[in-house]
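Colleague: I would like to go through the terms used for this structure. Please set each value against its rule.

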Amino acid sequence: MGAECKYEVAQVAYVKLALHALKHPAAAVNGLLVGRLLDGAASPAAVVSIADAVPLSHHPHHLPLLPTLELALTLVEDHFAAQGLAVVGYYHANTRRDDADLPPVAKRVGDHVFRNFPRAAVLLLDNKKLEEAVKGKSREPVVQLYTRDSSKSWRQAGSDGSSQLTLKEPSTNMVLADHVTTKKWQQVVDFDDHLDDISKDWLNPGLLA
């Protein structure tokens, strides 16, 4: 379903997922992508607009537990429904800098999202590109796009996903670098943090204000 679809990532979503990965450099991290399918009347290709990201975990072994995932999905869907948004994908960052493979947990969660949103996207962070971006040396997206094909396999879109994946704001990597200099990543709260201390808000209000 994703082959004819394009994906546009808003600055808020992109910066938030990158900061989540930077907060836990020695762990794999992941989260949900929230957005909507745009009206395709003005374009021959459908466009999925990814408006926000919700950090889920820095202990990914939690995620295969269906009740935990279902709880997170329900809370996220309920909160964003009033804004006309839904869960449209999932993001993942591997532990090792040189690991560019989409892990089984990402495929499983992607499959779960796909059941409710057939144009679901999985974004895999490229740790090497992230390092360059936070130094202000690159304007390339630091994520690789994966979509599910007709054989129900998750495949990288194109050679690097660039033809289907765009950043809504071209200056996004510069904004990310600015937030890194102020150590904004220290303030990121994920769903794991919230379950440990319910006073911590998984919605991260004001994080990028």
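Colleague: Among contacts in the protein chain between residues at least 6 apart in sequence, what percentage join residues at least 24 apart?

Modeller: The share is 73%, where contact means heavy atoms within 4.5 Å. The model is predicted, and local features need pLDDT of at least 70, side-chain atom pairs count only at pLDDT 80 or more, while totals for chains, interfaces and linings use all residues. Residues are numbered from 1 along each chain as its sequence is written, and side-chain values use heavy atoms, with hydrogens and water left out.

Colleague: How many helices and strands does the protein chain have, and in what order do the elements run?

Modeller: The protein chain has six helices and eight strands. From the N terminus the order is β-α-β-β-α-β-α-β-α-β-β-β-α-α. Helices (H or I, at least four residues) and strands (E, at least two) are DSSP runs, numbered from the N terminus.

Colleague: What makes the radius of gyration of the protein chain agree with a compact globule?

Modeller: The radius is taken over C-alpha atoms, and the globule rule is 2.2 Å times the number of residues to the power 0.38. For 209 residues a compact globule would come near 17 Å, and the protein chain has 16 Å, so the two agree. The C-alpha atoms fill a box of roughly 40 × 40 × 35 Å along the principal axes.

Colleague: What is the accessible surface of the protein chain?

Modeller: It comes to about 9,900 Å², with 54% belonging to carbon and sulfur atoms. Accessible areas come from the Shrake-Rupley method with a 1.4 Å probe; for residues, only the protein chains shown count as cover.

Colleague: Why is V29 called buried?

Modeller: Buried means under 20% relative accessible area, exposed over 50%, and partly exposed in between (1.4 Å probe, protein chains only). V29 has 1%, so V29 is buried. V29 lies in strand β2 (residues 29–38). Buried residues make up 50% of the 209 residues in the protein chain.

Colleague: Is G84 buried, exposed or partly exposed, and why?

Modeller: G84 has a relative accessible area of 46%, so G84 is partly exposed. G84 is found in the loop between α2 (66–81) and β4. Leaving aside neighbours within four places in sequence, G84 is in contact with G35 and R36. G84 and R36 are 48 residues apart along the chain, and their C-alpha atoms are separated by 7.4 Å.

Colleague: What makes F191 and W202 an edge-to-face pair?

Modeller: Rings of Phe, Tyr and Trp (its six-membered ring) pair if their centres lie within 6.5 Å; planes under 30 degrees apart count as stacked, over 60 as edge-to-face and the rest as tilted. By this rule the count comes to one aromatic pair. The ring centres of F191 and W202 are 6.2 Å apart and the planes stand at 75°, so the pair is edge-to-face. F191 belongs to helix α6 (residues 191–196) and W202 to the segment after α6, 11 residues apart. F191, at 4% relative accessibility, counts as buried, and W202, at 9%, is buried too.

Colleague: How do you know that the side chain of N94 makes a polar contact with D99?

Modeller: A polar contact is a pair of N or O atoms within 3.5 Å; within protein, one must be able to donate a hydrogen and the other to accept it, and residues adjacent in sequence count only if both atoms are side-chain atoms. A polar atom of the N94 side chain lies 3.1 Å from the backbone oxygen of D99. N94 sits in the loop between β4 (86–93) and α3 (104–116). At 6% relative accessibility, N94 counts as buried.

Colleague: Which backbone oxygen does the side chain of T172 reach?

Modeller: The side chain of T172 reaches the backbone oxygen of E169 at 2.6 Å. T172 is in helix α5 (residues 172–181) and, at 0% relative accessibility, counts as buried. Not counting residues up to four places away in sequence, T172 touches Q11, Y14, V15 and L167.

Colleague: Why is K152 called exposed?

Modeller: K152 has 60% relative accessibility, so K152 counts as exposed. K152 is found in the loop between β6 (143–148) and β7 (154–156), and has a positive phi of about 70° although it is not a glycine.
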